[in-house]
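Hi,

Here is the structure I said I would pass on. Have a look, and my notes follow below.

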Amino acid sequence: MAGASLAAELAPHASVVVLEAEDRAGYHATGRSAAFWEECYGGPQILPLTAASGAYLRDGGFLQVRGALYIGRDADAALLDGFIERFAATEATLERLDQSALRRMIPGLRAEWTRGIFQPACADIDVAGLHEHYLKRARRAGAVFHRSQRVTRIEEQAQGWRLAAAGGMKLQVSTVVNAAGAWADEIAALAGIGPLGISPLRRTVAQLRILPEPPAQMPLVLDIAGRFYFKPEHGRLWLSPHDETPSAPVDAAPEEWDVALAIDRLQSVADWQVEAVERKWAGLRSFAPDRLPVYGRDPRSPNFAWFAGQGGFGIQTAPAAAKLMARHLLHGRVDEVQMSGGAVDLSQLQAETYAPDRLI
């Protein structure tokens with residue numbers, strides 16, 4: 001999603017070539033997303049990116065409202081209070097709920113889950129549709145995509161960079177944009193640029209068949225203590241143990257232990273029978289040390305730029321992030337893009353918050 005969205009924003013103004021390591025676009029994190037847009041996800045400093053992306057996603061038909069429900073027990077009261085306080089100065093819409101309201105939203109909820117916070121704006125994202133939208137926009141504007149071209153060499157030249165890829169591609173370019181996700185620090189090393197400490201963390205999701213079948217209108221449910229989340233999906237339940245296991249940049253695979261842990265935690269929440277694990281997958285979410293994304297030119301080599309460290313919020317913030325980064329790379333020559341009446345409003349974003357300078 002990072003490469004496709006940024007290419008779509010840059011291509012009307014510059015010559016853009018995208019080198020994709022895999023044989024198809026979106027193979028890693030994009031294709032394994034849990035697929036939701038949630039105002040509070042990532043924290044108050046990510047919320048402006050999420051909010052600025054909302055109109056574009058809604059007007060493009062990529063969102064379907066579901067709502068998010070953070071739940072806790074009496075012992076979690078301080079966590080719930082702290083959550084409200086963290087977002088008090090933001091535009092997030094949050095509503096406290098009592099146990100009776102929780103039970104209406106989550107049938108079979110066990111008695112110890114007594115408190116909740118509802119976020120009504122949360123929505124499912126059509127990730128595949130959004131990704132394809134950006135790929136089409138980029139290609140229509142002239143961007144060229146090359147698949148199965150894992151970059152193996154990046155050499156700095158007087159006027160830019162010379163790149164070589166395992167698939168045989170050789171390129172001379174003025175600027176390299178590092179949108180390599182879990183491989184971001186490795187790409188920087190190829191260019192002779194020091195790492196920023198962008199670390200891949202594995203996240204696991206399982207699709208369960210449960211009885212009773214989860215109501216289609218049930219919100220995304222998240223543990224305020226960060227031990228699980230789940231949501232209904234076409235009559236099934238998508239469940240994660242909210243794991244963040246350090247990993248090398250690899251084709252991530254789920255561990256049986258993580259799936260078992262997720263199911264054990266689910267059974268402490270609701271009186272549901274798990275009939276089968278129908279499928280399971282894992283993806284790598286990549287974070288900088290301060291858990292904020294990295295957008296901008298590297299001050300050590302200004303023709304090398306970072307568009308990485310987007311954690312688990314890279315899909316929901318894609319419109320604003322790509323627009324912000326394109327404006328930076330093109331020295332402000334990008335206007336707002338309208339789509340079906342919606343715009344990406346960058347006026348509330350502070351680009352320096354996400355600049356790589358802070359990590360060097």
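**What I found**

The chain exposes about 15400 Å² (Shrake-Rupley method, 1.4 Å probe), and carbon and sulfur atoms supply 49% of that area. Before you go further: this is a predicted model, where local features need pLDDT of at least 70, side-chain atom pairs count only at pLDDT 80 or more, and totals for chains, interfaces and linings use all residues. Residues are numbered from 1 along each chain as its sequence is written, and side-chain values use heavy atoms, with hydrogens and water left out.

As for the fold, you'll find eight helices and 20 strands (DSSP runs, H or I of at least four residues for helices and E of at least two for strands, numbered from the N terminus). The radius of gyration, taken over C-alpha atoms, is 21 Å, close to the 21 Å from the globule rule for 360 residues, so the chain is as compact as a globular protein of that length. That rule is 2.2 Å times the number of residues to the power 0.38. The C-alpha trace spans about 65 × 40 × 35 Å along its principal axes.

Of the 360 residues, 52% are buried, meaning under 20% relative accessible area (1.4 Å probe, protein chains only).

Helix 1 (residues 2–10) is worth a look: eight of its nine residues are buried, so the rest of the structure largely encloses it. Among those buried are Leu6, Glu9 and Leu10. Their cover, by contact (heavy atoms within 4.5 Å), includes strand 1 (17–19), helix 5 (127–140) and helix 8 (318–329).

Cheers

Technical notes: Buried means under 20% relative accessible area, exposed over 50%, partly exposed in between (1.4 Å probe, protein chains only).
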